[in-house]
Amino acid sequence: DQFDESGGGLVQGGGSLRLTCVTSDTFYLYAAGWFRQAPGKEREFVAGIDRTGHSTKYADSVKGRFTLSRDSDEKTVYLQMDSLKPDDTAIYYCNRGLYSRGEYYPGDLYGRGTQVTVSS
């Protein structure tokens with residue numbers, strides 16, 4: 001499987017972006033997630049969604065500002081990012097994995113990522 005992330009860019013603090021991840025026909029079999037990595041930092045979990053799209057989990061740092069959803073075609077997931085802050089600046093990566101008992105467990109595959117830069 002491959003992941004095609006898009007939607008990143010440069011935005012002012014307080015602005016919004018919507019990231020898109022398009023992948024293969026088998027994506028509906030998996031939970032999906034987004035991770036991010038800022039310069040000099042470890043990759044960190046941002047948000048995860050189960051196979052059905054009914055359950056989601058967010059990192060505390062983005063809760064209430066980011067919304068993860070998946071398309072009915074079951075090959076696309078979206079990360080709506082509102083009220084962006086400079087601390088959100090990072091490369092954002094799509095992932096497939098498992099979702100169980102309110103937790104997202106990432107798989108080994110990530111896309112090439114999309115750069116998000118938030119200016120102050």
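Modeller: Rings of Phe, Tyr and Trp count as a pair if their centres lie within 6.5 Å, and in this predicted model there are six aromatic pairs.

Biologist: How is a pair of aromatic rings described?

Modeller: The general idea is that a pair of aromatic rings is described by the distance of the centres together with the angle of the planes. Here, the ring centres of Phe 35 and Phe 45 are 5.6 Å apart and the planes stand at 75°, so this pair is edge-to-face, since planes over 60 degrees apart fall in that class.

Biologist: Which parts of the chain does the pair of Phe 35 and Phe 45 link?

Modeller: Phe 35 belongs to strand E4, residues 31–37, while Phe 45 belongs to strand E5, residues 44–49, and the two are ten residues apart.

Biologist: Is Phe 35 buried or exposed?

Modeller: A residue is called buried when its relative accessible area is under 20%; Phe 35, with a relative accessible area of 7%, is therefore buried. Tyr 104 is buried as well, as is said of both Phe 35 and Tyr 104.

Biologist: What are the distance and the angle for the rings of Phe 35 and Tyr 104?

Modeller: Their centres are 6.2 Å apart and their planes at 50°, so the pair is tilted. Because Phe 35 lies in strand E4 and Tyr 104 in strand E10, residues 103–110, this pair ties together parts that are 69 residues apart in sequence. Ring pairs also link Phe 35, Phe 45, Tyr 93, Tyr 104 and Tyr 110 into a cluster.

Biologist: Which rings have Arg 43 over the face?

Modeller: Arg 43 lies over the face of Tyr 93, at 4.2 Å from the ring centre, and also over the face of Tyr 110, at 4.1 Å from that ring's centre.

Biologist: Let us turn to the loops. Where does Thr 23 lie, and what does its side chain reach?

Modeller: Thr 23 lies in the loop between strand E3, residues 17–22, and E4, and with a relative accessible area of 10% Thr 23 is buried. The side chain of Thr 23 reaches the backbone oxygen of Gln 2 at 2.7 Å.

Biologist: Which residues does Gly 111 touch, not counting residues up to four places away in sequence?

Modeller: With that exclusion, Gly 111 touches Phe 3, Glu 5, Tyr 93 and Cys 94. Gly 111 is found in the loop between E10 and strand E11, residues 114–119, and counts as buried at 13% relative accessibility.

Definitions and conventions
Residues numbered from 1 in each chain as written. Predicted model: local features only at pLDDT ≥ 70, side-chain atom pairs only at ≥ 80, totals over all residues. Heavy atoms only, no water. Phe/Tyr/Trp six-rings, centres within 6.5 Å; stacked < 30°, edge-to-face > 60°. Helix = DSSP H or I, 4+ residues; strand = E, 2+ residues; numbered from the N terminus. Buried < 20%, exposed > 50% of the residue type's maximum accessible area, 1.4 Å probe, protein only. Lys NZ or Arg CZ within 6 Å of the ring centre and 35° of its normal. Polar contact = N/O pair within 3.5 Å; in protein donor to acceptor, adjacent residues only side chain to side chain. Contact = heavy atoms within 4.5 Å.
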